[in-house]
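This report walks through selected local features of one protein chain. Please have the sequence and the model at hand while reading.

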Amino acid sequence: MSKYIFVTGGVVSSVGKGITVASIGRLLKSRNISVSVQKLDPYLNVDPGTMSPYQHGEVFVTQDGEETDLDLGHYERFIDVDLTRASSVTTGQIYSSVIAKERRGDFLGGTIQVVPHVTNEIKERIKGMGNQTGAGVIIVEVGGTVGDIEGLPFLEAIRQMRKDVGRDNVLYVHVTLLPYISTTGELKTKPTQHSVNELRRIGIQPDIIICRSDHPVSEGIKDKLSLFCDVERRAVISLPTVSNIYEVPLILEEGGLGELILEMLGLPRGSGDLSEWRQLVERMKAPKEKVPIAIVGKYVELPDSYISVREALRHAALYHDRDVELVWIHSEDLENGDAELLLRSVQGIVVPGGFGVRGIEGMVVAARYAREREIPYLGLCLGMQVMVIEFAREVLNSSEPNSTEFALDTIYPVIDLLPGQRGVIEKGGTMRLGAYPCHLVEGTRAARAYGERVVWERHRHRFEFNNRFREPLERVGLIPSGLSPDGRLVEISELRDHPWMVGVQFHPEFRSRPNRPHPLFRDFIGVAKGILREGAQPPLPMEIGRSSV
């Protein structure tokens, strides 16, 4: 039987539960304990696929095609596992399932209620995760903040889990914020006390409290929290804010969390081997030469929209013993601004995914700048489509080439809807999603990067390279270097007469790991670190563009 660790959050949202959960997974995995992770999201959406990045940040896609919360990306990177749709549970999924059962007549004669029907459905998903994976420990993050009305059914369900599977098989971890009051120069424990009291009112007594803070947590504060929250003194663990999220497992291990979890869950005792992880963090912290890379996107006001891209670039730079310096540029700024001023200091350009026409012409400007000045370019999903549009405009000497997503009446629709997307009306979960095979063309940059003939990559798109223009563009230098097994879909494009200009229809960033960077990001940085144009000025990441971060 699997054991369960439930992680809740208090005081404020975005307190760091996702990183804490991922770090707990790393601590257990370092002790050769099999783990899997699940996220319970209280929102009524079935998945975040229809949400704006400004509302929810990045949409992370699993191998089997589920659109999920960005925290699943943290889980995969820290624990080095490929998660499935079972790892993402939302209120929308739960209620849809319960209502479907009611319509089928599964509850004939009964009144459908939150307790027990909704809570039973939640518990089935949690227990199903253990049955499906066979993992020794299932770590479950409850999204939102304790006290939110939307999260009450999930909290009631995890309360019942201790009764269902046995007290010794369940552990409750509460992650909370200790706010710092500058006028008195002290950390305040009262919000944490209220948060724990709310949990206890529901029937959950936390076993461990992890205290997030921007300032050191004194022993006196830990004593106070232990007393007023009825938690063992050693189970009050501080987690200070760090600049490098990969340090968190090491901090929690030094705080005794790993051994404490083993003891409380009755797991085999033994110190974890975090030596490889420690070496990774030390390499990250060591001074290194900077590689300035521009991310030209339409959501750069919220960098969480591109978390996996950012981390994949960091992983690749570390591989080359470099430190990536991200230059965030809003694509709309390139539409009306001076591209030379905004991009002159970078050694590589990444154009990530996105939807809608806003900012597209600025991305085209970025692709043109990279092509004309031979700056390494990596286009991700929409970034590949923009690269194709820009190249077609150049060789056809016309501003007409476009995607039918942005210009339905264009006479040169070099990007068009996938055949299976024609007539699709519903937006949720209907894109081309999940992992698909890609056959690499021998002798291309993509094939050299991967070193394999066939690779599987995760997709999230409705539009594709229009095969009507494939042969004409190929004749003038656009190489389709990755194809679907039947040869119909262009998965990777690259320019023949360019040091490294590659666009992919998928999202390679989802597969990158800190100790194993994705091959395309690795080679992109490998070329970029050797590019330094004459007269280039030092990067100005805090000054360029109105929306720079």
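## Two residues with positive phi

C381 sits in the loop that runs between β15 (377–380) and α16. The model is a predicted one. Although C381 is not a glycine, its phi is positive, near 60 degrees. C381 has a relative accessible area of 6%, so it counts as buried.

D80 is likewise a residue other than glycine with a positive phi, here about 60 degrees. Its place is the loop between α3 (71–79) and β5 (88–90). With a relative accessible area of 27%, D80 is partly exposed.

## Helices α15 and α16

Helix α15 covers residues 360–372 and helix α16 covers residues 382–396. Their axes come within 9 Å and cross at roughly 70 degrees. That angle makes α15 roughly perpendicular to α16, and the crossing is right-handed.

On the α15 side, the contact is made by I360, E361, M363, V364, A367, R368 and R371. On the α16 side, it is made by L382, V386, M387, I389, E390, F391, R393 and E394. Sorted by class, the contact has nine nonpolar and six charged residues, and no polar ones.

## Helices α5 and α6

The crossing of α5 and α6 is right-handed. From α5, the contact includes V114, V115, V118 and T119, and from α6 it includes P153, F154, E156 and A157. Its residues divide into eleven nonpolar, three polar and four charged.

Helix α5 also holds P116. The peptide bond leading from V115 to P116 is cis, with omega near 20 degrees.

## Nonpolar cores

In soluble globular proteins, nonpolar side chains tend to be buried together. How many residues does the largest nonpolar core have here? The number is 58, and the residues with the most contacts inside this core are I5, L28, I139, I208, L257 and I261. Helix α1 (residues 17–29) gives the most to this core, with six residues.

Leaving aside neighbours within four places in sequence, L28 is in contact with I5, I33, V35, V137, I139, I261 and L262. Another core, of 42 residues, lies apart from the largest one and has I349, I360, I389 and L478 among its members.

Is C211 buried or exposed? C211 is buried, with a relative accessible area of 1%. It lies in strand β10 (residues 208–213). Not counting residues up to four places away in sequence, C211 touches T176, L178, L225, V236, I237, S238 and L239. The C-alpha atoms of C211 and E390 are separated by 50 Å, and these residues are 179 apart along the chain.

R448 belongs to helix α17 (residues 445–450) and, at 55% relative accessibility, counts as exposed. Its contacts, not counting residues up to four places away in sequence, are G443 and D523. R448 and L520 are 72 residues apart along the chain, while their C-alpha atoms are separated by 9.5 Å.

How values were computed:
Residues are numbered from 1 along each chain as its sequence is written. This is a predicted model: local features need pLDDT of at least 70, side-chain atom pairs count only at pLDDT 80 or more; totals for chains, interfaces and linings use all residues. Side-chain values use heavy atoms; hydrogens and water are left out. Axes are lines fitted to C-alpha atoms, for helices over the stretch in contact, and angles run from 0 to 180 degrees between N-to-C directions. Helices (H or I, at least four residues) and strands (E, at least two) are DSSP runs, numbered from the N terminus. Angles under 35 degrees count as roughly parallel, over 145 as roughly antiparallel, 65 to 115 as roughly perpendicular and the rest as oblique. A crossing is left-handed if the near helix is turned anticlockwise from the far one by less than a right angle, and right-handed if clockwise. Contact means heavy atoms within 4.5 Å. Ala, Val, Leu, Ile, Met, Phe, Trp, Tyr, Cys and Pro count as nonpolar, Asp, Glu, Lys and Arg as charged, and the others, Gly among them, as polar. A nonpolar core is a set of buried Ala, Val, Leu, Ile, Met, Phe, Trp, Tyr and Cys residues joined through side-chain atoms within 4.5 Å. Buried means under 20% relative accessible area, exposed over 50%, partly exposed in between (1.4 Å probe, protein chains only).
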